[in-house]
Amino acid sequence: MPSKLAVVPLALAAPVFAQSARWEYVEIPRGDADGILLRGVNEQGHAVGIREWGAKSLGTYRSQPFLWDGSQRIDFENPANGSLVPAGITNDGTIYANLLDLNGQPHAGVLSSGGFTGLSFTGGAPDGSAVVFVHPDSGFIVNEIRAGVYSPSVGFGGAVVEAVASPVDGSFQATSFNRTGQIAGFTRVNDRTHSYSLRDDRFELLSLPPGYEDAYATGINESGDMVGTVHDANGNLDPQAVRWTAGDAEVLPLPGPGWGFASRINDVGDVAGSIYIPGDPSHTGAVVWSGGDVLMVAQHVVGLPAQYPLHDVAAITDSGFLLVSSQISFGENGSQTITILLRPIPSPGAWVLVALGLGLSASRRRARAERVTP
């Protein structure tokens, strides 16, 4: 189980977006690259990702990792033995990344100006490893690969990785966790996919809304609220975004009949994801559920280039930054998925809440040295 952190509670009184519901497009220069794929953003709006050229299908693909520090792009060089893909950045600026070696095997580590340093594992070095989630306070989830079997582990500070004991027989995925050490994920039980909560070795399957039988939890906040996607029991898939509060499931509202997907939830309760309403383009794409409202992100962004449709919100911070997937067309290589960084433009009242939240976030980082273990 992950170590617990001594933290200062985050006390934002209300969702930020319900008061302003506006973002602005952040132009990250891509140079001569075909596109940019962002993989993580912290509370300060610093983001990490890769620049991409060419196409894998044509054998012309290559990439370069970079950091956006809020004002400039800082590039990193790939090592001779592979290519680097950042997985996320913490509030203190630690960049977790995966090195894809020349044999196609991933290796998890930390990326800095001094290069790439692999993580150390309590169970010895695995055959491969990949960071799949980065917590804002220097925590991470990494999938270990041993003898072809994948299993999740967690750690803090880039040095110690602790294996997560399998809660059930069979495969399971850990997708996120919070500062109390509570893990969210999903697992296969009796040929169905169930979401679970795991804390202090207490494993609990989450409830399902009536009429649904598959669930995939993908995000958790500091209150223990979880979000994910459920599928119906009639073989029609019919995916719907869902939020679990104290283990009870609630399907998130849509502006009409359609599908919903939830990916992450922040500490003030805003849920990120996407929706699809057939025949209604104005209500299809990236969305934030906030304070009872369903906010179509594209309708609340200033400065967004017209050629960038907004498909899905992949990341959301407490301070309101979003990473949103889009798509661009270029040259003979056709189209390519990219990621866009959006900066919040809160109302004057919301600025007070954001400043409070960031101040408490800084206090939490200073308190990291006071970790306690279960």
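**Figure 1. G70 in a loop of the predicted model.** G70 is partly exposed, because its relative accessibility is 35%. The model shown here and in the other views is predicted. G70 sits in the loop that joins strand 4 (62–68) to strand 5 (73–75).

**Figure 2. Q64 in strand 4.** Strand 4 contains Q64. Is Q64 buried or exposed? Q64 is buried, since its relative accessible area is 12% and the cut-off for buried is under 20%. I50 is shown with Q64; the two are 14 residues apart along the chain. Their C-alpha atoms are separated by 5.2 Å.

**Figure 3. A charge over a ring: R62 and W53.** R62 lies over the face of W53. The distance from R62 to the ring centre is 4.0 Å.

**Figure 4. Y25 and Y308, an aromatic pair.** The whole structure holds 6 aromatic pairs. One of these is formed by Y25 and Y308: the ring centres are 6.0 Å apart and the planes meet at 55°, so the pair is tilted. Tilted applies here because the angle falls between the limits of 30 degrees for stacked and 60 for edge-to-face. Y25 belongs to strand 1 (residues 23–26), while Y308 belongs to the loop between strand 26 (301–302) and strand 27 (312–316). The pair therefore ties together parts that are 283 residues apart in sequence. Y25 is buried, with 14% relative accessibility. Y308 is buried too, with a relative accessible area of 12%.

**Figure 5. W259 and Y276, a tilted pair between strands.** The ring centres of W259 and Y276 lie 5.9 Å apart, and their planes are at 55°, so this pair is tilted. W259 is in strand 22 and Y276 is in strand 23. The pair therefore links parts that are 17 residues apart in sequence. How accessible is W259? Its relative accessible area is 37%, so W259 is partly exposed. Y276 is also partly exposed, at 39% relative accessibility.

**Figure 6. D267 and its contact with E222.** D267 occupies the loop between strand 22 (259–265) and strand 23 (271–276). D267 counts as buried because its relative accessibility is 16%. Which atom does the side chain of D267 reach at 3.2 Å? That atom is the backbone nitrogen of E222. E222 lies in the loop between strand 18 and strand 19. E222 is partly exposed, with a relative accessible area of 24%. G181 is 41 residues from E222 along the chain. The C-alpha atoms of E222 and G181 are separated by 9.6 Å.

**Figure 7. N221 in the loop between strands 18 and 19.** N221 lies in the loop that runs between strand 18 (212–220) and strand 19 (226–232). N221 is buried, because its relative accessible area is 1%. F177 is shown alongside N221, 44 residues away along the chain. The two C-alpha atoms are 7.7 Å apart.

Figure 8. Most residues other than glycine have a negative phi. A246 is found in the loop between strand 20 (240–245) and strand 21 (248–251). A246 is exposed, because its relative accessibility is 75%.

**Figure 9. The largest pocket and its lining.** The volume of the largest pocket is about 990 Å³. Its lining is made up of 45 residues. Which of these are closest to the centre of the pocket? They are R39, A87, F133, R264 and A315. Strand 10 (residues 128–135) provides the largest share of the lining, 6 residues. By residue class, the lining has 23 nonpolar, 15 polar and 7 charged residues.

Key: Residues are numbered from 1 along each chain as its sequence is written. This is a predicted model: local features need pLDDT of at least 70, side-chain atom pairs count only at pLDDT 80 or more; totals for chains, interfaces and linings use all residues. Side-chain values use heavy atoms; hydrogens and water are left out. Helices (H or I, at least four residues) and strands (E, at least two) are DSSP runs, numbered from the N terminus. Buried means under 20% relative accessible area, exposed over 50%, partly exposed in between (1.4 Å probe, protein chains only). A polar contact is a pair of N or O atoms within 3.5 Å; within protein, one must be able to donate a hydrogen and the other to accept it, and residues adjacent in sequence count only if both atoms are side-chain atoms. On a 1 Å grid over the protein atoms alone, a cavity is a set of points where a 1.4 Å probe fits but cannot get out, and a pocket is an open set with protein on both sides within 12 Å along at least five of seven lines; lining residues have an atom within 4 Å of a point. Grid points are joined across faces, edges and corners, and a volume is the space filled by probe spheres set on the points. Ala, Val, Leu, Ile, Met, Phe, Trp, Tyr, Cys and Pro count as nonpolar, Asp, Glu, Lys and Arg as charged, and the others, Gly among them, as polar. Rings of Phe, Tyr and Trp (its six-membered ring) pair if their centres lie within 6.5 Å; planes under 30 degrees apart count as stacked, over 60 as edge-to-face and the rest as tilted. A charge sits over a ring if NZ of Lys or CZ of Arg is within 6 Å of the ring centre and within 35 degrees of the ring normal.
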